[in-house]
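Take a look at the model before reading on.

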Amino acid sequence: MHIVVMTKPVPDPAAAAERLDADQRLDRAASPAVVNGNDEYALEAALKLIEAFGGEITLLTMAPAAGAETMRKALAMGATRGLLISEPALAGSDVPTTAIVLATALGGLTYDLVLAGVDTSDGGGGVVPAAIAARLRLPYLGNAAKIEPDPPNGRVTVRRITPIGYDVLEAPMPALIVCTQALGEPRYPSLKGIMAARSKELVTRTLESLGADVAGAGGAHTTTRVLGTRRPPSRGATTVVRGSAEEGATAIVELLAARRII
Amino acid sequence: MFPVFAEVPAYPLVFVVFWGAAAFFALVTARHIRVLAAGHAPGPNPLAKIPTRTLGLIRYAFLQVRMFKDPRAGVMHFGIFWGFILLTIGTADIVTGGIIQTILSAPFDGLIWMAISAMQNVVAVIVLVFIGWAFERRLISKPARLTYNRDALSILLLIGGVVATELFAQVFEFARYGDKPGAFIAAAIANPLRSLDSGFLEAAFAVLWWARIAIVAAFLCFLPFSKHYHVAMAFPNIYYRKLAPRGELPAMDLEAEDATFGVRTLADLGWKDMLDGFTCTECGRCQQACPAWNTGKPLNPKHFIMGIREMSVEAEHGLPLIPNSAIVRETYGLDDTIQAAALAKPIVDNAIPFDAVWDCVTCGACVEACPVLIEHVDKIIGLRRNLVLEDSRFPAELNGAFRNMEGVGNPWGQPPASRLDWTKGLPFEVPIVADVAAAGKLEALDVLYWVGCAAAFDERNRKVARAFATCLDAAGLNFAVLGQEESCTGDPARRMGNDYVYQMLASGNVETLNRYRMGEKTIVTACPHCFNSIGNEYGQLGGTFRVVHHSAFLKELLAAGRLRVIDDETSPRRSVTLHDSCYMARYNNVVAEPRDVLGAVPGLDLIEMEKTGKNTFCCGAGGGRMWMEETRGTRINASRTDQALSTGAGTVATECPFCMTMMKDGLEAAENNAAGEVRAVDIAELLAESLAPRELAGRQLSVLQ
């Protein structure tokens, strides 16, 4: 089975060092980059699938050149190879451009499944996977809590989380699946994995070599504009309630009642 | 032919019986050594540091200082040991045809041999009493730490048998053939027997004399298969003890592509590690001291070492006692090398359960307690290294701690930008090294304060940092901190087996410290774990630094008169107990310094806990346990809190940020401290509270809390 996992480099949320540059864009140099947390869950799901069914995992991202470094961390977890689409003109791209570029890149790959995380911790749009599925006319299976491929019959069954439970969806492969954290904690890369990742295939390609028709794409042509930014209000003081479960419950109820929340 | 033993029937048979047994002993030992030699990890250089090693041998093997921590067992063992040595002179004399006796009888008219004979008599009686005592411990009073099996009883019977048959053979010899000089107790017992039938006396003498030789021979044959092998193995094991600082874990080459990382099988151990197994006497002092075992967790350091021995013995299976020569092996198609399968068996889940590997707090209480200097902790870390670096098998909670250390340089996962938040509101400036360097004032710097992640990010420990900085400021010192250039020393990662993250963090720190030439300055820290890594472990990565714990530093400042306390004789008397940090007291011998600081605080009365100083009981946070859930057994910090509260002291003084967190949590949860009257306070806070205002600046020190 061939699986493509979309893994985006994002500023490490723990570093809390995100800054905007003069163009109101994220200053990616200001903060250490990590693989987007939700994408790691998608990668973990993919790793479990190839452990069970055999196959290969290709990582795909569109990012500045430094994204290759971050991709090595995902390769260390066990992916087979990486493909980075990088071009200065793409800086500041909006969702449509991103989807066009990634869909074009996917067109050159062989795959049974494309896995993506629910959203990214920097942009937070959460619509790129759906846009790709729409462009490539792939079955789109969102909010997956369980993935059960049936390679001989070329079909995949997905358990999709809903507000009241779950739906069981079935689709022909290739398909695009958006993965939730219910699929399981991402593994910690072993040292052997880290060492193996150093020599894994990691290709960086430009738009031209992809043959993508993205004239008018990139930050200069973005369809969205940043009107203004402000920091979220800092959180108020924390109250820690100690004691037995009953004491705790009573204290919390009193606290909420005092604030007229209940 | 052998005039000394003329009365002994068939004396020359001794050479066959004894030396045959001795040869068997040597062959079995040689087979053990073949397994030791299969260990890949380097052991100590056998020929280096001879004077230091010899002194250790005298101290631990001949004087047995570690044994006297349990005074009753210490006296008993000392009596048996020295009695055994003295009686062995007699045995050696017999099995060499009386050479020793002949030589020692020559000078001073035979006085030396006479004295030895007299002492042997006295010792024989003493040893018999001690053997009786040892039987009493094993059959009647039964201390919990011992392992009860037939092995120990057999050995006691054999020792008692040798001594008793030797003494009574002499008694019948004297009764029949007349006294020999010196052996006065045998002569006294022989007195009433002299009138007995000479044939009976001859027979009794012959039977007892040969019984003694038979027991000695049996003892030699039995020894290498028993825990009492320690009578031979303790000497090399003590001699080859770890001489590096206790807190320095073995270096690791992470670039060695084909290597096994850490310890998976026996073959990944060093020969000294397996020698530890053969030396263990199952005395149980390690398990008695172990905080994990004491709180009902699966980890038992004794069982771990015994497990390594069992695996080593298993690996010997099929090896002939006398190795075949290459020609014989080829001709008959024999393979008497150690079977690869026996060496490929993983240690985890064989010698030690997986959970137990993660229960260890690396407090070193087991290592400190072991009379024959077995190293438990380094082996456990070796196992963790393999589990983490090769299999990614570790408690799930560690995932976050590892990622945080790797991502943002601290296990709390706090943004590095908030590293200096603890300084906010202080009435003086805390300079940053980069600024000092930029201003060209690095030369004038007195000391670098290594804050550590706990003091930088943990709310409670920030107060400790503020108190300590206040002391530095009050002493008028020119100090600075690294601020955002500081990262975790890597100690938690290293103790959790993740040497990859450790080396990443540590080499970054070494690079930073060397960039500011801090090797020429003093580094002070209030964190024993940072202290241990920077002082004992950074040398492996090319960083040699002089690091001082804040207890020692404050003590110096007090002694030099740079810090003055308000002592107007009206200070109310308060009682305090000190919880020693394992990494200060046990690992780095810092015991007196925090007490000196407490002694300088007016009105403080120190009440010691039972487990104090180098025998301290861990708070439960060492070895990365700070970031793991404590799901097995009861909580270690609750146990230590009980010990602290039972002193009746009103305050628990700490000297380590992790101890602070654990003792604070323990005290807040303790039922017999429901009002929260007893609190955990760092020694720097206790001192800072009573400091005289700095005269020149005229500042008040009301900023502490």
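At what angle do helix α10 of chain B and helix α13 of chain B pack? The model is a predicted one, and the answer comes under the next heading.

## A helix pair in chain B

Helix α10(B) covers residues 271-279, and helix α13(B) covers residues 301-315. The two pack at an angle of about 105°. Their axes are 8 Å apart. An angle of 65 to 115 degrees counts as roughly perpendicular, so α10(B) is roughly perpendicular to α13(B).

Which residues meet here? From α10(B) come D273(B), M274(B), D276(B), G277(B) and F278(B). From α13(B) come I305(B), I308(B), R309(B), S312(B) and V313(B). Sorted by class, this contact has five nonpolar, two polar and three charged residues.

## A helix pair in chain A

Now turn to chain A. Helix α3(A), residues 95-107, packs with helix α4(A), residues 128-136. Their angle is about 55°, and their axes are 9 Å apart. That angle makes α3(A) oblique to α4(A). The crossing of α3(A) past α4(A) is right-handed.

On the α3(A) side, the contact is made by V95(A), T98(A), A99(A), I100(A), L102(A), A103(A) and L106(A). On the α4(A) side, V128(A), A131(A), I132(A), R135(A) and L136(A) take part. By class, there are ten nonpolar residues, one polar and one charged.

## Where the chains meet

Chain A puts 17 residues into the contact, and chain B puts in 26 residues. The area buried between them is about 1,700 Å². Carbon and sulfur atoms give 53% of that area. Within chain A, the residues that lose the most area to chain B are Y188(A), L191(A) and K192(A). Together they account for 43% of what that side buries.

How many salt bridges are counted between chain A and chain B? The count is three. K192(A) also has a salt-bridge partner across the contact: its side chain meets that of E390(B), at 3.7 Å from N to O.

## Salt bridges in the whole structure

Side chains of opposite charge can pair when their charged atoms come close. Over all chains, a search finds 47 salt bridges.

One salt bridge joins the side chains of R246(B) and E368(B), at 2.8 Å from N to O. R246(B) lies in the loop between α9 and α10 of chain B, and E368(B) lies in helix α17 of chain B, so the pair ties together parts that are 122 residues apart in sequence.

Technical notes: Residues are numbered from 1 along each chain as its sequence is written. Chains are lettered from A and ligands numbered from 1 in the order in which they are written. This is a predicted model: local features need pLDDT of at least 70, side-chain atom pairs count only at pLDDT 80 or more; totals for chains, interfaces and linings use all residues. Side-chain values use heavy atoms; hydrogens and water are left out. Axes are lines fitted to C-alpha atoms, for helices over the stretch in contact, and angles run from 0 to 180 degrees between N-to-C directions. Helices (H or I, at least four residues) and strands (E, at least two) are DSSP runs, numbered from the N terminus. Angles under 35 degrees count as roughly parallel, over 145 as roughly antiparallel, 65 to 115 as roughly perpendicular and the rest as oblique. A crossing is left-handed if the near helix is turned anticlockwise from the far one by less than a right angle, and right-handed if clockwise. Contact means heavy atoms within 4.5 Å. Ala, Val, Leu, Ile, Met, Phe, Trp, Tyr, Cys and Pro count as nonpolar, Asp, Glu, Lys and Arg as charged, and the others, Gly among them, as polar. Buried area is the accessible area (1.4 Å probe) that two parts lose on being put together, summed over both. A salt bridge is a side-chain nitrogen of Lys or Arg within 4 Å of a carboxyl oxygen of Asp or Glu.
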